[in-house]
Amino acid sequence: FDVVEGVPQGKAHIPLMGEFLDDVQRDDPDARFFFYSHMLEPHSPYIADEPFRTKYIDPAYDGIFKNGDTEDLLDTVHGRVEASAEDIEAVRAMYDGHLAFADDIFGTMMADLKARGLYEDSLIILTGDHGEAMFQHGRWGHNDHLFDEMVNVPLVIKLPGSTGPRNQIMESLASTMDVLPTICETLDIAPGELPLDGRSLYSVLTSGVDDDEKRGLILRSHHETADVALRTQNGKAILLRSGEFEDGSRFYDLTEDPHEQRILTQEEAPRSASYLGAINAHLGKVASEWRPSAMSTDTGDNSALLGALGYADSEAPEEPQTPPAPDDGTEH
């Protein structure tokens, strides 16, 4: 395999995939292949090619974020700049343009697969590693909190051939940890002895039905003392410990309050004790299994920016909290 150093700009993935497929089809037209494309778009800085860069932004906007630069946006995170309503609208417009730019690149790549006759029989998965907060809770960026604008990402899966229903939107609770098990089952690949945290979504995709309505996902922020949350289909509990927000526990009813604007008291959230108990059990497990990392994010010139963006990972084990008494099991 050829190794590409760094992360190419989004549009560079088009010729990279083309050259890869040229080699595959020349060497063995019937060979199975795997191609992974990691595009930074949409991601700050929000600088897309035209017409996408100015597609959604008000041409009259002349504020501090008009160039979409990361450093300017980080000033809001560190409290040096307070974004006005016009600033927030401009940032969201530039992000939308960056998203449309990425969509156009991805569409071009899919068109290439179709032109080569490879699209129909390919397993294609499109997802994201994190969302991007646009001041919904007073913050911009990612990795520093666990509200849904940061953790809710797209997961689009096209199965090979005519397998399963098409053009179906499901409300199932899924995780990026499910991608690998899904690939293994779909392509009949043994995952080996390594335990996988996720579940295969193959049966959900082929049947169009998900009977795992009680699934819960543990989420954590990128802090030395991380915030930890439990997200279910209908609710969320967040244990705040990082200092980014006032420490303590927060509860949300996502059926009635999908944008997490109303904090429930522990008494108002029927399963609050069970949620916090599950978070505590996770923290205890992490603490018991923790091993010091052999890798470092300190890469000299880039370390400060990585830290500001929330990519400097913790080197310390998690601290379990004192669990509350179990609740009565009432569904939240």
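Start at Leu217: its bridge partner in S6 is Arg231. The model is predicted, so local features need pLDDT of at least 70 and side-chain atom pairs pLDDT 80 or more, while totals for chains, interfaces and linings use all residues. Numbering runs from 1 along each chain as its sequence is written, and side-chain values use heavy atoms, without hydrogens and water.

**Select S6, residues 228-232.** Helices (H or I, at least four residues) and strands (E, at least two) are DSSP runs, numbered from the N terminus. Buried means under 20% relative accessible area, exposed over 50%, partly exposed in between (1.4 Å probe, protein chains only). 5 of the 5 residues of S6 are buried, so the strand is largely enclosed by the rest of the structure. Val228, Leu230 and Thr232 point one way; Ala229 and Arg231 point the other way.

Strands pair if DSSP finds at least two bridges between them. S5 (residues 216-220) runs antiparallel to S6, joined by 5 bridges. S7 (residues 235-240) is also antiparallel to S6, over 4 bridges. Leu230 stands opposite Ala237 in S7.

**Show Asp148 and Lys236.** Their side chains form a salt bridge (2.7 Å, N to O). Asp148 lies in helix H4 (residues 148-151) and Lys236 in S7, so the pair ties together parts 88 residues apart in sequence. A salt bridge here is a side-chain nitrogen of Lys or Arg within 4 Å of a carboxyl oxygen of Asp or Glu. Both residues, Asp148 and Lys236, are buried.
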